[in-house]
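Trainee: I am new to this structure. Please take one part and walk me through it closely, then show me how it sits in the rest.

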Amino acid sequence: MTTLRITLSAAVLGAVLAGCGSSVKLDEAAPVVDARPNPNTGAASGARPGAAGQSGVTTVDVGKGSDLAASNLGRVVYFDFDSYVLRDEYKPLVESHARALSAAKSKKIVIEGHTDERGGREYNLALGQRRAEAVAKSMMLLGATDGQIEAVSYGKERPANEGHDEAAWAKNRRAELKDR
Amino acid sequence: MTRQLTIIDGPLAYNPPASPRPGHGTRIAEANPQQFMLRTPETPESSPRRRLLMAGALVTGIWPAALRAQFRVEITGVGGTQLPIGVTRFRDEDKSGQSISGIVRADLERSGAFRVVDSAGEFDENSRPAFPEWRGRGADALVSGSAARLADGRFDVRYKLWDVVRGQDLGGQALAVVTADLRLAAHRIADAVYEKLTGDKGVFSTRIAYVTRVANRYTLRVTDADGEGGQVALNSTQPIISPAWSPDGKSLAYVSFESGKAVVWSQDVSTGERRAIANFRGSNSAPAWSPDGRTLAVTLSREGGSQIYLMDAGGNNVRRITQSSAIDTEPVFTSDGKLIYFVSDRGGSPQIYRVASSGGNPERVTFAGNYNISPALSPDSRMLAYVARNGNEFKITTMDISSGNVRTVSDTVDDESPSFAPNGKLIIYATRSQGRDVLMTTTLDGRIRTRLLSSGIDVREPIWGPFGR
């Protein structure tokens, strides 16, 4: 019995290793658009017992994105619950960024909207987008141009604080201003 | 075939864990033998001895597959009409490396429509079962079969189904498969048994996709409908959300943040070939396929605000179909392709609306409560499943569209992302349990729920694939 199990385990391990060898492993410098699959996988037919069969899935790895969160102290605007209204305390911050953009028309920024964790991912993505666009509109009223600002959203996908209470949620309802 | 390799299910064969899980005991005790569909008038009572035998069958028959797997299914509710069935070990299944009978048993149990009785015994599709003995074990139906290695290395997997009550042969099938498809063969057998005995098409051989997160590692996975046999479609250090199967089951559209913002991608699952199909200024999200697979509905913010657009499957011919200053998102097509259900907060709170896919004036669908999101439509588009907020609780809710009758079907409070099985009998959804993101399935009446147990990783964004693969 033990021998049989070991034999089966070895067979399964072999199959797993074979599977790994056929996966697509893009290195981190690979372009993210139109990632190249391994042409040897996906031919999902044939009589080989180790073949992918009708269940084959090819793995794609995409590289590490830049994480700018650490460099954004003093460039974050927080919002009240269920609100995208820019609070008075953040108007000076937004004005200073708008002036900088107005003075250097080649300068561009991204505004990322974020929400707390409550509710659906897609609806929160739209709520975060609304926050980012509210900040963008304020800056355009102050002299920045449309082409200098892109408003995007992470919804609830990238909390600044991973906690599950109001203190954490207050830190997560935010828009981050990032140079690009 | 050699007899000494025929191993009756037992602790040595599968090395099950030392202590039984409490859930199974509860489950057995609550089974109601009065309502089994094929039950003859002389129903044997559920004696303690019989319960013990059933517990033995569960321990040896269901756990082995579970032990190898990343996911485990734990049945948490019990329905009223379960058909008792015997599923013996298939002759020579040990040689195939998969517990074919174990997979069939687990599938049938998870559907909520079957209860597996003591299935010890050895025979195959050519045997003549001793029906009185199986009636004595409480079985109304019986499955057995075999797995034989063919000269070309494939396996010939065969099964036969019997009506134990009438002593009738209900037919069988032979499937020649490569090793990688042995699990699929077992699921197809479970599908055939399910369809023969319930009249509904089984979904055990379909696939699901979902996203796992471990620290900052996001992985889009494709697994069998039982959560096992998992394969990785995409690894990323950035979030992945909203996967959507193409109607032919060959592609997944999804939202990836790998480029620093939400972009909609479409990926051929078998080859890994992928393209960014919606990468406009702002956010691109919420992909939904039309039933013919030619069109995608997406949410774009390229003109400011989140609005719904249609594009062809390659990302061209983009046209806007909602016109509001509010949030319009989470589109989903009806099965005839004529309508799109979506979420809008144009009335002040997020509610579900529908609009002709050619555009026009939307009509509001949900009215109760002030937060109804994430619509999913049953395959016949008669039932709507969505997430309704009540206070701080987010719960999977169903609505019979013609009558407007609604029903809460979950007992959890952080539910997200409902998706119907292609036979319309189950809904898979994400929720939180004990501090983890987990996946659950439920019957439409909420009576039978199963949890896909993950080993300490967060699992979310499930989407049930179509029939066929």
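Mentor: Start with one pair of residues. Ile85(B) has Val116(B) as its bridge partner, and that partner lies in β3(B). Bear in mind that this is a predicted model.

The bridge belongs to a strand pairing. Strand β2 of chain B covers residues 83-87 and pairs with β3(B). The two run in the parallel sense, over 3 bridges. Now widen the view. In chain B, 5 strands make up an open sheet, and their order is β3-β2-β4-β5-β6. The pairing in this sheet is mixed. At the edges stand β3 (114-116) and β6 (168-177) of chain B. Each has a single partner strand, so one side of each is left without a neighbour in the sheet. From one strand to the next, the twist averages 25 degrees.

A helix packs on this sheet. That is α7 of chain B, residues 182-198. Helix α7(B) touches β2, β3, β4 (141-149), β5 (155-163) and β6 of chain B. Its direction makes about 20 degrees with that of β5(B).

Next, look at the loops that involve β2 and β3. Asp124(B) and Arg91(B) form a salt bridge, with the closest N and O atoms 2.5 Å apart. This pair links distant parts of the chain, 33 residues apart. Asp124(B) sits in the loop between β3 and α6 (131-136) of chain B. Arg91(B) sits in the loop between β2 and α4 (93-96) of chain B. Arg91(B) has 19%, and it is buried because the cut-off is under 20%.

Compare another salt bridge of chain B. Arg354(B) and Glu363(B) meet at 3.0 Å, N to O. Here Glu363(B) counts as partly exposed, at 42% relative accessibility.

Now take chain B as a whole. Chain B has 7 helices and 30 strands. Of its 469 residues, 62% count as buried. Take the contacts in chain B between residues at least 6 apart in sequence: 46% of them join residues at least 24 apart. The chain exposes about 17,400 Å², and carbon and sulfur atoms supply 47% of that.

Chain B also meets chain A. The contact takes 55 residues from chain A and 72 residues from chain B. The area buried between them is about 5,200 Å², with 51% from carbon and sulfur atoms. On the chain A side, Arg121(A), Glu122(A) and Tyr123(A) supply 14% of the area that chain A buries against chain B, more than any other three residues.

Asp146(A) forms a salt bridge with Arg281(B), with 3.5 Å between the closest N and O atoms. Over all chains, the count comes to 44 salt bridges.

Chain A has a buried pair of its own. Glu176(A) and Lys178(A) form a salt bridge, the closest N and O atoms being 3.6 Å apart. Glu176(A) is buried at 7% relative accessible area, and Lys178(A) is buried at 6%.

Finish inside chain A, at Ala98(A). This residue lies in helix α2 of chain A, residues 91-103. Ala98(A) is at 0% relative accessibility, so it counts as buried. Leaving out residues up to four places away in sequence, Ala98(A) touches Met139(A), Leu142(A) and Ala144(A).

Methods. Residues numbered from 1 in each chain as written. Chains lettered and ligands numbered in written order. Predicted model: local features only at pLDDT ≥ 70, side-chain atom pairs only at ≥ 80, totals over all residues. Heavy atoms only, no water. Pairing = 2+ DSSP bridges. Helix = DSSP H or I, 4+ residues; strand = E, 2+ residues; numbered from the N terminus. Axes fitted to C-alpha atoms, helices over the stretch in contact; angles between N-to-C directions. Contact = heavy atoms within 4.5 Å. Buried < 20%, exposed > 50% of the residue type's maximum accessible area, 1.4 Å probe, protein only. Areas by Shrake-Rupley, 256 points an atom, 1.4 Å probe, with all protein chains shown as cover. Buried area = accessible area lost by both parts, 1.4 Å probe. Salt bridge = Lys/Arg side-chain N within 4 Å of Asp/Glu carboxyl O.
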